[in-house]
Amino acid sequence: MAFEGKGDSGHSVLLDAAPQVGGQNQGPRPMETLLFALGGCTGMDVVSILKKMRQEIETFHMEITGDRASEHPKRYTKINVHYDLTGPNLNEEKVRKAIKLTQETYCSVSKSLNAEVTYSFSINGKKFEPTI
């Protein structure tokens, strides 16, 4: 049940299933990697955009959660990406704009999904809901 995928970059990823379905738990599940890909895509966008806006980021974390259909195909129907940023002078409107740009223009992974993708963020511990 383990599969290795190798991309044009030359890097590979090992995917595997859980032991209860015949795998050996040697790597993440395919649906987990879908969320990883979304996080990488949107995270790189947001960090890059904020750097161009001269925003100093000390820490940047994301939590990505998803709701899956109960019947096959058990695809994601809703996904939320929550960005947690810290920095001395992060501007709420600039963070909001960076998230809007990744969602509406730049993140090709989110544009490839057949799921509702929502975003939220926190700056220095204060939570905001983007109005996008």
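1. A word on terms to begin: helices (H or I, at least four residues) and strands (E, at least two) are DSSP runs, numbered from the N terminus. Keep in mind that this is a predicted model, where local features need pLDDT of at least 70 and side-chain atom pairs count only at pLDDT 80 or more, while totals for chains, interfaces and linings use all residues. Residues are numbered from 1 along each chain as its sequence is written, and side-chain values use heavy atoms, with hydrogens and water left out.

2. Confidence first. pLDDT (the predictor's confidence in each residue, from 0 to 100) averages 96 over the protein chain, and 98% of the residues reach 70 or more.

3. Now the charges. I find two salt bridges in the structure, a salt bridge being a side-chain nitrogen of Lys or Arg within 4 Å of a carboxyl oxygen of Asp or Glu. R96 pairs with E92, with 2.5 Å between the closest N and O atoms. These two sit four residues apart in helix 2 (residues 92-106), so about one helical turn separates them. The other bridge joins E93 and R96 at 3.6 Å, N to O; both lie in helix 2, three residues apart, again about one turn.

4. E92 is partly exposed at 29%, and E93 is partly exposed at 49%.

5. On to the rings. Rings of Phe, Tyr and Trp (its six-membered ring) pair if their centres lie within 6.5 Å; planes under 30 degrees apart are stacked, over 60 edge-to-face, the rest tilted. The count by this rule is three aromatic pairs. F60 and Y83 make a tilted one, 6.0 Å centre to centre with 50° between the planes. It links distant parts of the chain, F60 in strand 3 (residues 59-68) and Y83 in strand 4 (residues 76-86), 23 residues apart. F60 is partly exposed at 22%, whereas Y83 is buried at 0%. F121 and F128 have ring centres 5.2 Å apart and planes at 20°, so they are stacked; both are buried.

6. Ring pairs also link F60, Y83 and Y119 into a cluster.

Terms used. Buried means under 20% relative accessible area, exposed over 50%, partly exposed in between (1.4 Å probe, protein chains only).
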